[in-house]
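Hi,

Here is the structure I said I'd pass on to you.

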Amino acid sequence: MSDDLLLSLLWFVPLVGAVIVLLIPKNAVALVRGFSLGVTLVTLVLSLLAYRAYTAEGSLAQASLQERAKNNAVERLDNNSTSATHVVEEVVGRPSGKGDLLVRKPWIPSFNIQYYLGVDGISLSLVLLTGFVSVLAALASFSIEKHVRGFFSLFLLLLACMMGVFMALDLILFYVFFEVMLLPMYFLIAIWGGDNREYAAIKFLLYTLFGSVFILVAILALYFWPGEPTLAIAGAKAFTAHTFDVPAIAQAAAETNYYGSQIQQWVFLLFFIGFCVKLPSFPFHTWLPDAHVQAPTPISMILAGVLLKIGGYGLIRLAWPLAPVGASEWAYAAAALGVVSILYGALAAMAQTDFKKLVAYSSVSHMGYVTLGMAAMNFTPDPRYYGYGVNGAMFMMIAHGITSTGMFFLVGVIYERAHTRDLNKLGGLMNIMPVYGAVSILIFFGSMGLPGLCGFWAEVMAILAIFNYDITLAVLAAAAVILTAGYILWTVQRVFLGKKEDWKGLPDLTFREIVIAAPLCLFTVLLGVYPNSLMSWMSPSVDQVVGNIAKANQASGRGAKTALIPPAVVKPR
Amino acid sequence: MTWQVGLYVAAVLIPLAAFAVELFGGRILQRRNAYVATGAIGLSFVLSLVGFLTYFVSAEGVFAHHGGEEHASAPADPGHAEAKHEAGHETAKAEGGHDDQLAKSEGHEPASAHHGGKIPPPPLAWTWSGDWISVGGGMSGPQTPGLSIPIGVHIDNLAAIMFLMVTFIATLIHIYSMGYMSEDPRYPRFFTYLSLFCFSMLGLIASANIFMIFVFWELVGVCSYFLIGFWYEEKKNSDAANKAFITNRVGDVGMLIGLGLIWSSLGTFNINEINRGLRAPDGTFNKITGESGDSVILKNQETGETHLDPVTGMPHTIPMWMLTVAGLGVFAGCVGKSAQFPLHVWLPDAMAGPTPVSAMVHAATMVAAGVYLVGRFFPLFTEPALLYIAYTGGITLFIAATIAVVQTDYKKVLAYSTVSQLGFMMLGLGVGGRSAGLFHLLTHAFFKALLFLGAGSVYHAVHTYEMPFLGGLQKKMKWTALTMLAATLAISGVPLFSGFYSKDAILAASIHMVFEEGRLEHILLFVLPAVGAAITAFYMFRMWFLVFSGESRGYPEGYLEQQEQERIAREAEEAAEAAAARAAHGDHGHGHDHAHAAHDAHGHDDHGAAHAAHGSHGGHDHHHDPHPAKHAHESGPFMLLPLLILAVPTIIIGYPLTILPIPGFHPILEQLISYGQPIAVADPGNSHGLALIASLIIATVGIGLGILYYGPWPALRKFDAKKAAIRFAPIYHFLKHKWYFDELYNAVLIQPTLKLARWISGFDKVAVDGIVNGSAWLTERVSRISGKFDFRFVDGMVNGIADVVYKTGNAGRSLQTGKLRNYLMFLAVAVVGLFAGVFAWVMK
């Protein structure tokens, strides 16, 4: 299958599925469910095909995005234009663009907007996660009884948009997917949610819209920026903005002075705030507990497993690479915010009595590691340490995608049976539902960062990386693992241990639920024991991003903070 | 990977495989899980034995004395060879001169030109390593290597000995558990946890780098958590499990900080590399003086070359102060795991777990891991760090020993004695007696495991832990009493028993530091262990006398009835709580009435069954006998055999041949440990003579007091403990409340944290979310007002948002099926149409 078609199908198949679902007769509920599950499965298979193509020996897709962009160069656009501001690119080696998992076509040429999809290790890992989580969420959706067709239609629409967001390499295309995604999410919460669903849904919608305004402004600022007047003459190559092309802007930011420090600081700040809402990071996180508590189980799974990752993906794909110098100016504040999120989320989680709210706050805490890992910009003298931070951030996104999906699913399981999520009322479930208990403990401990399970690598990479950036932040971030252990163990104790007669007779996991839980458990262990199953193909792309950020900062003569240890005067005793 | 490494990797992985089999096959295997687990650890033991023998056969110069110059190249005394033979360690060719050893330094050119001195050979080690993950390869140039987090195995003499000890004790405890746990309904699961623990513990010992040690560190911690909370129905037990895990995590944070500092400065996790890289052949740090004070630079110890980082091209350095902090960080992990002051509080509570677990995890193996790590990573610790370690050990051993004196629960006595003994080891390490501390680790492992297993045997017979109700058990349980007596003699430091030799070595090290080096300001480092050792002898004999000698005292009048009433009251309270919760739940009225009905039904149906289950599990009803000790009987062979086997090393492991340690001779085990030890270690020299005298006085005083207070011979009973308790009431209560650590931590740490958590949760709701809701409300208001002023402005952006807030709030509420379908259909078709158009156009 041509890679152009493959990438396009990844979002187009669920979209078509969303329409077809509505055409199925209303009463054929089983058919609706089966069909939707089938669509998610097809999407998963497509993402696995992309994975195979990416990781194949000698795959062209492993080249950097910039290189691949050249091979897929669009023909000279808009010949009639008199202005010199449009992108001019040579047409080289067009055929070599086949099989490199990059699609690039003009879309709205007058504004230089492209239909531009591509995956590298970073986005591919998230595409796989999306495919995987959506299959599980579709399975978990079988217990939805209300307006089944509408539900699955919106669900598939959501899936299409998420896939699009992770693959888009044109800022406008990204923004379109990003915004369209809000609509199905809004309705999924507002219609199928809990008691206070309207409030939660509108809060989610408005809050995210609020964030996307910042993102939009940043995109436009990049587009219209005339170039740093003093520096452009001196060192810049023939790059002249007026493009939404992510790799091109990233390259310009890394290799030229076109985007000076000043504008980069603004761009970074705008992106950062915008994506912090989505992530969510303190203090923009309050939509999350509400949205989670109100959303139905499968939507919580999607929300925690995939949607939050869009915030992190935005940071790693846009905020940092497109404004690397500006980022290093803000890095300390961002890292501090990350640490605050970690501690704040953990403490808030500790005080919750609602099981689902607790898990929601734990997401805030865990996403703090993403910010922290990105922001620990310690590339002098050794950028590999920063590489660990960013890899840790990425690993956290995948690991959290797995564990939080699992946790929300497990909360949903017990809520369906006991009709309560109150931690003080639950108890003794280990003896009543042993399989459920065992699965829960595994996934909760994975989230707690127990070695051998996936959360460990995420936390430990981010924490270790920050040590030669700032020791205070490092110590605070490390100390947070006590709080994490505290709220997780306390939850386990209150829900599973002890003995409580109230819940005698609750049935253990059904076959369908085990089918959902098993792969989550598998990946929790696999990523913990053998992190290279992810790192081996993901981290080269992360390293490229880190390398570009480091290059940009070194070129502009500013490392982040100086290394903690001054190069000592070597004077043997 | 050499075959020896393969051997040890297999020894680590076999219990893991057994764990997997037991976990997934548990439903089929049922009680046969026990055989899988025991077989696996037994196999690991065999492999460890083979490895141990191979190691000491191939390691040359084991019995050449290290550290002391005059012994360095002397061939070993033939007497040693015989000693080995007697001990069953038919191991090494003892002839190994200095010159032979040099050949083992693996082709490194001796850099005598640079340092002038003789370079001690690296000890034989079987190693293997690879990358677990590696990041940033080629980031700073095409050929630059990545920065890796390694996975690696490092087997040296210490690891070989530890492997043998752990697998030996673990095997015996597996066998013991087949008897002790046989009545338990979760018998198969118990062995599943044990297998996981064995894997983690062996992995910890085999690890080549501090990162992997951290990984296994947490894994043994989680196994300990599961095992402490094995009977999780009781809240007390799961509380203890939580306390253990969280307290350990506090230490682990320190360790993580140490790891971060080491890694970010030195660029490696490899313990051996750091051990040898930090110090010059004469044992001093490779110091350099920079603008911001002293730093230590990483060098190759053999060649004296500076390590240059392949990426930065710069040497790896770490400031002196940071090295101290890193050392203390790593030590913090050890403080948590080895239950040292101030994190010692979890270990006594951990006795909530089954007794075999206490013996294995919380006495012999896991809690010793902290001591092991300090010994393993010894050259990392700077002078101030070592002093801190010594004082931590001293304070711990003293506090724990004093608390043990007033405990009435014999398992708690053993728990505090474990804490105290671990303090001894830490002190030994801290004053520079590396091999002394590790030697005590090994002897302690045997006699403490024996004590705990004996305690389990007693409990199995009498079903109470309270010593005041027991007495006279030696008549009923002869073998248990005798073996425990041997262990008691060992821990009290009576000559001929293993504990004597190791405690003597520690005292020697401390005397050496305080007196011979003339650091009299640290006299406490001698006083604390001396006093502590006397107290140890006292409370251990107190325990043995109270349990085994004299006549059975039995429960006091009304005790059993009171217990019964308390149990009933507790159950009633729990039931009331449940009812209250149910009522409160009903009040919320979220329309879960249906669910309630269902639960009530279930509740009634299953009530009887639950009670029956509870009865069979917890209540040993047939023990309502007022004299628990009278009807006791000796335990069965599964439990007795391990006791008898453990008694052998408890007695002989110290020094099997020579009755009294002759100065200049070291016990074999200590000799094995000190082989190839890091050169930073000082030689305790001739302090052994002084130590010998001190030990004898200490043991006499302690045991003498024990006899005077609790002895079985009325003629010698000069003191009455009850009167003493009354006379020294304030001290008694202070000790009884364990120095009020729990109360202090609760008031200073736990409650404030919970308060902060609640405050933050409230803050989140009121302030952070308040701002959000407030601004939404404000926007709406403003839009309304402005709407009155200027109708056109209503279309403005701000108002638009408010409008959406307002309308959608209503719309969401009124969405009906019909409307919804139309709306969705419209939305979907529109979006799909849009995308499809784009798609078709793009793909053409």
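Below is what I found, going from whole chains down to single residues.

One thing before you start: this is a predicted model.

**The two chains**

Let's begin with chain A. Its secondary structure comes to 22 helices and two strands. The radius of gyration is 23 Å, close to the 25 Å that the globule rule gives for 573 residues, so chain A is as compact as a globular protein of that length. If you draw a box along the principal axes, the C-alpha atoms of chain A fill roughly 80 × 75 × 45 Å. Of its 573 residues, 66% count as buried. Take the contacts in chain A between residues at least 6 apart in sequence: 81% of them join residues at least 24 apart.

Now chain B. Here you will find 31 helices and five strands. Buried residues make up 51% of its 844 residues. For contacts in chain B between residues at least 6 apart in sequence, the share that joins residues at least 24 apart is 77%.

**The nonpolar core**

As a bit of background, nonpolar side chains tend to be buried together in soluble globular proteins. In this model, the largest nonpolar core has 483 residues. Among the residues with the most contacts inside that core are A:Ile189, A:Phe271 and B:Ile169. Which helix gives the largest share of this core? That is helix H16 of chain A (residues 383-418), with 20 residues.

Leaving aside neighbours within four places in sequence, A:Ile189 is in contact with several residues, including A:Arg197, A:Phe204, A:Gln294 and A:Ile299.

**Strands in chain A**

Strand E1 (residues 102-108) and strand E2 (residues 113-118) of chain A run antiparallel and are joined by six bridges. If you want to find one of the partnered positions, A:Leu102 has A:Gly118 in E2(A) as its bridge partner. E1(A) and E2(A) form a hairpin, with four residues between them. In the turn, A:Asn112 has a positive phi of about 60°.

**A sheet in chain B**

Chain B has an open sheet of three strands in the order E3-E4-E5, with antiparallel pairing.

Strand E4 (residues 293-297) of chain B is joined to E5(B) by three bridges, and the two run antiparallel. Within that pair, B:Val296 stands opposite B:Ile318 in E5(B). Helix H11 of chain B (residues 320-337) packs on the sheet and touches E4 and E5 of chain B. The direction of this helix makes about 85° with that of E5(B).

Chain A has a loop between helix H11 (261-278) and helix H12 (287-294), and A:Pro280 is in it. The peptide bond that joins A:Leu279 and A:Pro280 is cis, with omega about -10°. A:Pro283 also sits in the loop between H11 and H12 of chain A. The bond from A:Phe282 to A:Pro283 is cis too, and its omega is near 0°.

In chain B, have a look at B:Ala339, in the loop between H11 and helix H12 (346-349). B:Ala339 isn't a glycine, yet its phi is positive, about 50°. Buried or exposed, would you say, for B:Ala339? It has 30 other C-beta atoms within 10 Å, so B:Ala339 is buried.

B:Lys738 lies in the loop between helix H28 (729-736) and helix H29 (741-789) of chain B. Its phi is near 55°, again a positive value in a residue other than glycine. B:Lys738 counts as buried because it has 20 C-beta neighbours inside 10 Å, and 20 or more is what a buried residue needs.

**One exposed leucine**

Last stop: B:Leu716, in the loop between helix H26 (687-710) and helix H27 (721-727) of chain B. There are 11 other C-beta atoms within 10 Å, so B:Leu716 is exposed. Apart from neighbours within four places in sequence, B:Leu716 is in contact with B:Ile707, B:Leu708 and B:Gly711.

Note on methods:
Residues are numbered from 1 along each chain as its sequence is written. Chains are lettered from A and ligands numbered from 1 in the order in which they are written. This is a predicted model: local features need pLDDT of at least 70, side-chain atom pairs count only at pLDDT 80 or more; totals for chains, interfaces and linings use all residues. Two strands pair if DSSP finds at least two bridges between them. Two residues are in contact if their C-beta atoms, placed from the backbone, lie within 7 Å. Axes are lines fitted to C-alpha atoms, for helices over the stretch in contact, and angles run from 0 to 180 degrees between N-to-C directions. The radius of gyration is taken over C-alpha atoms; the globule rule is 2.2 Å times the number of residues to the power 0.38. A residue is buried if 20 or more other C-beta atoms lie within 10 Å of its own, exposed if 12 or fewer, and partly exposed in between; C-beta atoms are placed from the backbone. A nonpolar core is a set of buried Ala, Val, Leu, Ile, Met, Phe, Trp, Tyr and Cys residues joined through C-beta atoms within 7 Å.
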